[in-house]
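User: Could you walk me through some of the terms used for this structure? I would like to see how each label is reached.

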Amino acid sequence: MNSVADAIQSRMSVRAFTKEPVSKEQILKILNLSARAPSGTNTQPWKAYVLEGAKLEGLCKQVCDAYDSIAANPELEKEYQPGYDYYPSKWFSPYIDRRRENGWSLYGLLGITKGDKDKMHAQHRKNFQFFGAPVGIFFTIDKELGRGSMLDYGMFLQNFMVAAKGEGLDTCPQAAWNAYTKIILPFIGAQDHEMLVCGMALGYADKQEIVNTFRTPRVTAEEFTTWLA
Ligand SMILES: Cc1cc2nc3c(=O)[nH]c(=O)nc-3n(C[C@H](O)[C@H](O)[C@H](O)COP(=O)(O)O)c2cc1C
């Protein structure tokens, strides 16, 4: 039994949670384990804001309202801009193909077909309720740091998701929140020099929900590796 491999293999993006609470001790334990991530010259660029209860509900309501207002008036979309580009402005192969496959496989599982705008809206909106998780976390970084610090951040976030598995918990990393940075950053009390990296849903997976049966494929190492000798 290889516990590291098992922990890595068992991590997946969970998109439906039970209301079972998560203790502050557990959250701190996961965050402290996450902080064992390496970072260039040990700069440790991470900062976390944990939302629960009324604060979580209040924030979710504000962002859901904004999301709904954009659906009603698409002109408003340009008012909500992320702090950094996660995705390319122009998609290309093979990434666009993987992205499409991922999206349509998930929607297919949920019975959502092309053109079913209301159902798509409702499914995407669940992002802004942390998929029902009792804990929502926002991670920020100092904007003045270099691109390398985002590498460090990725390692920290993977640690977070794997460490959560060690506590019997599940996660969903969420870039969907990033567009709503102008609502989120003041709400959490972030300072001017902070940028939103992503959100993270944390809780116990609802095993009854079909969405959590979704498993994503991977390109194998044989395909993405070049051997030179
Ligand atoms: C930084 C980051 C942001 C993501 N943002 C979202 C998101 O906003 N909503 C969502 O449902 N999934 C999000 N995902 C999950 C990806 O879709 C998922 O990791 C990918 O499809 C692979 O599936 P797996 O996590 O189950 O292995 C995000 C993943 C990462 C790493």
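This is a predicted model: local features need pLDDT of at least 70, side-chain atom pairs count only at pLDDT 80 or more; totals for chains, interfaces and linings use all residues.

User: Why is the pair of W46 and F156 called stacked?

Analyst: Planes under 30 degrees apart count as stacked. The ring planes of W46 and F156 are at 10°, with the centres 4.7 Å apart, so the pair is stacked.

User: What makes W46 count as buried or exposed?

Analyst: Buried means under 20% relative accessible area. W46 has 15% relative accessibility, so W46 counts as buried. F156, with a relative accessible area of 2%, is buried too.

User: What parts does the pair of W46 and F156 tie together?

Analyst: W46 lies in the loop between α2 and β1, while F156 is in helix α6, so the pair links parts 110 residues apart in sequence.

User: Why is the aromatic pair of Y87 and W91 called tilted?

Analyst: Under 30 degrees would be stacked and over 60 edge-to-face, and the rest are tilted. Y87 and W91 have 40° between the planes, and their centres are 5.3 Å apart.

User: How do you know that a charge sits over the ring of Y87?

Analyst: One test is that the charge lies within 6 Å of the ring centre. The charged end of R99 is 5.0 Å from the centre of the Y87 ring, and sits over that ring.

User: Which element gives the largest share of the lining of the second largest pocket?

Analyst: Helix α6 does, with five residues. By class, that lining has six nonpolar, four polar and no charged residues.

Terms used. Residues are numbered from 1 along each chain as its sequence is written. Side-chain values use heavy atoms; hydrogens and water are left out. Helices (H or I, at least four residues) and strands (E, at least two) are DSSP runs, numbered from the N terminus. Ala, Val, Leu, Ile, Met, Phe, Trp, Tyr, Cys and Pro count as nonpolar, Asp, Glu, Lys and Arg as charged, and the others, Gly among them, as polar. Rings of Phe, Tyr and Trp (its six-membered ring) pair if their centres lie within 6.5 Å; planes under 30 degrees apart count as stacked, over 60 as edge-to-face and the rest as tilted. Buried means under 20% relative accessible area, exposed over 50%, partly exposed in between (1.4 Å probe, protein chains only). A charge sits over a ring if NZ of Lys or CZ of Arg is within 6 Å of the ring centre and within 35 degrees of the ring normal.
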